[in-house]
Amino acid sequence: MGSSEAKAKFEALQREILTLGFVRPGSLVRRWMPCGNPACRCAAQPPRLHGPYYQWTYKVAGKTRTVRLSQEQARLCQKWARDHKRLKRLVRQMERLSLQETDRALGAISRP
Ligand SMILES: [Zn+2]
């Protein structure tokens, strides 16, 4: 990749970042659970569990936290999480490209 090609690629990555909304780290889990009532359909054979229940799992200061979400909240969180994954991918690509281009720039200057 030539230097001007690399610059164009880098600028395309920057523009793509501008299209992202809020980014939310974490992941969504959908769960089906029994309620504990032995007369309920969830205790039948075969069991018909309650759900889906939505849970959001994320890390804060190294600790994993889980919160319950409504279906509507889950939908929003999924969108934010998708944008978070895209942001991380874009940043990794920018880092790779930058390493290559800054190596090239350093190589063009004589060492001390
Ligand atoms: Zn039940």
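A residue counts as buried if 20 or more other C-beta atoms lie within 10 Å of its own, and as exposed if 12 or fewer do. Keep that cut-off in mind for strand β1. The model is a predicted one. In it, β1 has seven residues, and the number of them that are buried is zero, so the strand lies largely in the open.

Now place β1 in its sheet. Three strands make up an open sheet, and their order is β1-β2-β3. The pairing is antiparallel. β1 covers residues 27-33 and β3 covers residues 63-69. These two strands stand at the edges. Each has a single partner strand, so one side of each is left without a neighbour in the sheet. Direction ignored, neighbouring strands are turned by 35° against each other on average.

Strands of a sheet pair through backbone hydrogen bonds, in either a parallel or an antiparallel way. Take the two pairings here in turn. β1 and β2 run antiparallel and are joined by six bridges. Within this pairing, Val29 has Gln55 of β2 as its bridge partner.

What of burial in β3? Of its seven residues, the number buried is zero, so β3 too lies largely in the open.

Next comes the helix pair. Two packed helices are described by the angle between their axes and the distance between the axes. Helix α1, residues 3-18, packs with α2 at an angle of about 155°. Their axes are 10 Å apart. Angles over 145 degrees count as roughly antiparallel; α1 and α2 are therefore roughly antiparallel to each other. The crossing of α1 past α2 is left-handed.

Which residues make the contact? From α1 come Ser3, Ala6, Lys9, Phe10, Leu13, Glu16 and Ile17. From α2 come Leu87, Leu90, Gln93, Met94, Leu97, Gln100, Glu101 and Arg104. By class, this contact has eight nonpolar, three polar and four charged residues.

Finally, turn to the backbone. Most residues other than glycine have a negative phi, and most peptide bonds are trans. Pro46 is found in the loop between β1 and β2. Pro52 is found in strand β2.

The remaining case is Ala61. Ala61 lies in the loop between β2 and β3. The hairpin of these strands has two residues between them. Is Ala61 buried or exposed? Ala61 has 5 other C-beta atoms within 10 Å, so it is exposed.

Notes: Residues are numbered from 1 along each chain as its sequence is written. This is a predicted model: local features need pLDDT of at least 70, side-chain atom pairs count only at pLDDT 80 or more; totals for chains, interfaces and linings use all residues. Two strands pair if DSSP finds at least two bridges between them. Helices (H or I, at least four residues) and strands (E, at least two) are DSSP runs, numbered from the N terminus. Axes are lines fitted to C-alpha atoms, for helices over the stretch in contact, and angles run from 0 to 180 degrees between N-to-C directions. Angles under 35 degrees count as roughly parallel, over 145 as roughly antiparallel, 65 to 115 as roughly perpendicular and the rest as oblique. A crossing is left-handed if the near helix is turned anticlockwise from the far one by less than a right angle, and right-handed if clockwise. Two residues are in contact if their C-beta atoms, placed from the backbone, lie within 7 Å. Ala, Val, Leu, Ile, Met, Phe, Trp, Tyr, Cys and Pro count as nonpolar, Asp, Glu, Lys and Arg as charged, and the others, Gly among them, as polar.
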